[in-house]
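Here are a few worked exercises on helix geometry and aromatic contacts. Have your viewer open and try each task before reading its solution.

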Amino acid sequence: MPTSDQCSAAKSDAKSWKARLIGYRQSDLRRAVYELLITAVPFALAWGAMLAAIKFDQVWLYGLLVVPAGGLLVRLFMIQHDCGHGSFFANRSGNDWTGRAIGVLTMTPYDHWKRSHAVHHASAGNLDRRGIGDVDTLTVGEYLARSRWGRMRYRLYRHPLVMFGLGPIYIFLLQSRLPLGAVRAGWAPWVSTMTTNLAIAVAACLLMWAVGIGPFLLVHLPIVGLGAAVGVWLFYVQHQFEGTHWTASDRWEFHEAALHGSSHYDLPPVLRWFTANIGVHHVHHLCSRIPYYRLPDVLRDHPELKAIGRLTLLQSLRCVRLTLWDDRQGRLISFRDMGRLYR
């Protein structure tokens, strides 16, 4: 375990870390192809096995496979995520076309998502640039200034059943189909989205023609729903945790916000594999060109980074209650805390 002195040194020198991590940015073609194969092939096999389980009334097998199939879809999305950062392959075309192909499975228009995610990386932790590619978070002052209906809507939005249940379904099945909030960005988000929509429609129609509408929906919708919920949860705990870092533009600094505004979600090895090391999020935000398959090397070589923003699986469950940013204390608080402190 890193010592307290090591942790202090890492925290006081956030800007220098990016220069120290540049050597980990090199992509490895053979490793990338291997990672893609060990994710896509098992996903296809699990999908086919679930279809066979439905055909032969093997409910136990169907139930056994739906969770790992959803996990493999999450892993495919993480590969798409690396492609968006230009880190999975060394070649830009290889990244973009792989990301676009996976986007049909994850129901995420790659080029549009890539643009909005870049904004998220460039503004994470900046109170004056919230709203693009992140979870909507109000300050205490903003919340108290809202009408009763406005407060109720925000409370509903932040409710766990909406955030991790209805929210992912809305994002992936509806919001991602029409980029209504991207009008100012020009025609590119619409081309990306409509092309992805067309590819999804063609692939879905072919599969429904081949296996039947009912079996297709029974296999694919639970996988997408589970994968979407896990994806939203991961994104949530990576920035909505006790100890996160938010400041106004005049005091915001990229390296500090990246290293201290993103968590190190220290998951068990199996979950770490399914989530493609996205839990090492503080390092990822600091140097997004590092491929996910090299993030464990960073922690191995620099153990002092392990303790920064560390969040275990059990600890992450308590993050759900954190809903408002308190400017006075410089931390996230719950609705209950707000009622007690600002009554």
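This is a predicted model: local features need pLDDT of at least 70, side-chain atom pairs count only at pLDDT 80 or more; totals for chains, interfaces and linings use all residues.

Residues are numbered from 1 along each chain as its sequence is written, and side-chain values use heavy atoms, with hydrogens and water left out.

**Exercise 1.** Find the buried residues of H6 and the helices they pack against.

*Solution.* Apply the cut-off first: buried means under 20% relative accessible area (1.4 Å probe, protein chains only). The residues of H6 that pass are Tyr 110, His 112, Trp 113, His 117, His 120, His 121 and Ser 123. Next, look for contacts (heavy atoms within 4.5 Å). The partners of these buried residues include helix H4 (59-84), helix H5 (92-106) and helix H10 (188-211).

**Exercise 2.** Classify the ring pairs Phe 88 with Tyr 293 and Tyr 143 with Tyr 154.

*Solution.* Rings of Phe, Tyr and Trp (its six-membered ring) pair if their centres lie within 6.5 Å; planes under 30 degrees apart count as stacked, over 60 as edge-to-face and the rest as tilted. The structure holds 16 such aromatic pairs. For Phe 88 and Tyr 293, the centres are 6.2 Å apart and the planes lie at 70°, so the pair is edge-to-face. This pair joins distant parts of the chain, 205 residues apart: Phe 88 is in the loop between H4 and H5, Tyr 293 in the loop between H14 and helix H15 (295-301). Phe 88 is buried at 0% relative accessibility, and Tyr 293 is buried at 5%. For Tyr 143 and Tyr 154, the centres are 6.1 Å apart with planes at 55°, so the pair is tilted.

**Exercise 3.** Which residue lies over the face of Trp 273?

*Solution.* The test asks for NZ of Lys or CZ of Arg within 6 Å of the ring centre and within 35 degrees of the ring normal. Arg 75 lies over Trp 273, at 3.9 Å from the ring centre. Likewise, Arg 100 lies over the face of Trp 97, at 4.5 Å.

Conventions:
Buried means under 20% relative accessible area, exposed over 50%, partly exposed in between (1.4 Å probe, protein chains only). Helices (H or I, at least four residues) and strands (E, at least two) are DSSP runs, numbered from the N terminus.
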